[in-house]
Amino acid sequence: MAKAATAVAYIYKGVDTKGNKVDGEITGTNPALIKAQLRRQGIIANRVQKKPKPLFGGKKKIKPGDIALFTRQLATMMKAGVPLVQSFEIVADGSDNPGVKELILKIRDEVASGTSFADSLRKHPLYFDELFCNLVSSGEQSGALETMLDRIATYKEKTESLKKKIKKAMTYPIMVILVAVLVTAVLLIKVVPQFAATFAGFGADLPAFTLFVLGISEWMQEYWLMLFIGLTVGIGGSLEIKKRNKKVREALDKIALKLPVLGTITYNSIAARFARTLATTFAAGVPLIDALKSVAGATGNVVYEEATLKIRDSVATGIQLNTAMAHSHVYPNMLVQMTAIGEESGALDEMLGKAADFYEEAVDNLVENLTTMMEPLIISVLGVLVGGLLVAMYLPIFNLGNVI
């Protein structure tokens, strides 16, 4: 079986139907097909060649935030009445990330060739998940693609904002620990040995605390590289095990929920993602059973993913959503009550949206409080580590009078 040709970026120069010189960038498999494609667009290409790769560095990584921005810009273009294919071109031209631009142009070419927008997105699963593609498909089928894109953009923006808040909460204590470890390691490897040379000529027994610190310093000087490699391999291996082993992920996710402050942030963020995802999918007309499957994957926690799938199974048997949520004993009572009100009033998506706003704001407040709480803790940790080392080094000097 012949291998399909890979589409790459080409640059072209030519003239349009009015004789004006034009140039640009387009993706395709070979120059002949590129010229034929340009002719269909009313452009006679005089020159078509592969786009040269940059001398230094490659394409920037396409981040979820880039996809959220692309969705918002596309929704804005379509609401303004700009045709879909032309919207792709406008958004691509305004992108500063070459990788994003190339991705958008590939989707544009696929849509221009007759492929549906949703199917074009499904060819790029690395950037557009099943939920995104299903919502776009729903919008195309209902004839309200611009409205659907606006909802997806709002969903992506809220989701990314929540992720940034959680990342900020997790990053802050980790950075404190890293700084403390780095400062301590530098003192043990570079500073303490200078004191050790001085203590060698004292001719008296050193305090136990000083001997303990000197012992650690000698060990660090000899094995610091092995320690660094061991920590690197250990952390990398742990992350890989977490990725591949479901039981390990479940255990770590359970621990994350029990951590002080961070556990509360995790709990509220899961509730926010549940409410936001379900509100978006339900408002898009996705059946509740299918929506709950998407929600399970969006929770970001194995414990809640399994609980949501059990809720889905219960709803499939005819049990109301709020009842199934209450029986799961994992989601907060307020979210369950707002779901019940939404089901009774027929405005489930609206109530879930309000619940999502509430829990997102709760996460924001918790992150700010954590930052405030961590500031004195940073001073305390660094003070104990650095101060402890200094005390250990100066204790023999304080006792020098006894020696004399």
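This note sets out points on the charged pairs and a nonpolar surface patch of a predicted model.

1. Basis of the note. The structure is a predicted model, in which local features need pLDDT of at least 70 and side-chain atom pairs count only at pLDDT 80 or more, while totals for chains, interfaces and linings use all residues. Residues are numbered from 1 along each chain as its sequence is written, and side-chain values use heavy atoms, with hydrogens and water left out.

2. Salt bridges overall. Side chains of opposite charge can pair when their charged atoms come close. A salt bridge is taken here as a side-chain nitrogen of Lys or Arg within 4 Å of a carboxyl oxygen of Asp or Glu. Searching the whole structure gives 13 salt bridges. A network of these links Arg72, Lys79, Asp150 and Glu157.

3. A pair within helix α4. Lys106 and Glu102 form a salt bridge, with 3.5 Å between the closest N and O atoms. Both residues belong to helix α4 (residues 98–112), where they are four residues apart, about one turn of the helix. Helices are DSSP runs (H or I, at least four residues), numbered from the N terminus. Lys106 is partly exposed at 24% relative accessibility, whereas Glu102 is buried at 16%. The terms are defined by relative accessible area: buried is under 20%, exposed is over 50%, and partly exposed lies in between (1.4 Å probe, protein chains only).

4. A buried pair. Arg108 forms a salt bridge with Asp109, and their closest N and O atoms are 2.8 Å apart. Arg108 is buried, with a relative accessible area of 8%; Asp109 is also buried, at 11%.

5. A pair between two helices. A salt bridge joins the side chains of Lys158 and Asp357 (3.9 Å, N to O). Lys158 lies in helix α7 (residues 145–199) and Asp357 in helix α15 (residues 348–398), so the pair ties together parts that are 199 residues apart in sequence. Lys158 is partly exposed at 33% relative accessible area, and Asp357 is partly exposed at 36%.

6. A nonpolar surface patch. Trp219, Tyr223, Met226, Leu227, Leu231, Ile235 and Leu239 make a nonpolar surface patch of about 710 Å². Patches consist of residues with over 30% relative accessible area and no salt bridge; like charges are joined within 9 Å, and nonpolar side chains (Val, Leu, Ile, Met, Phe, Trp, Tyr) within 5 Å. Accessible areas come from the Shrake-Rupley method with a 1.4 Å probe, and for residues only the protein chains shown count as cover. Trp219 is found in helix α8 (residues 208–244) and is partly exposed, with a relative accessible area of 43%.
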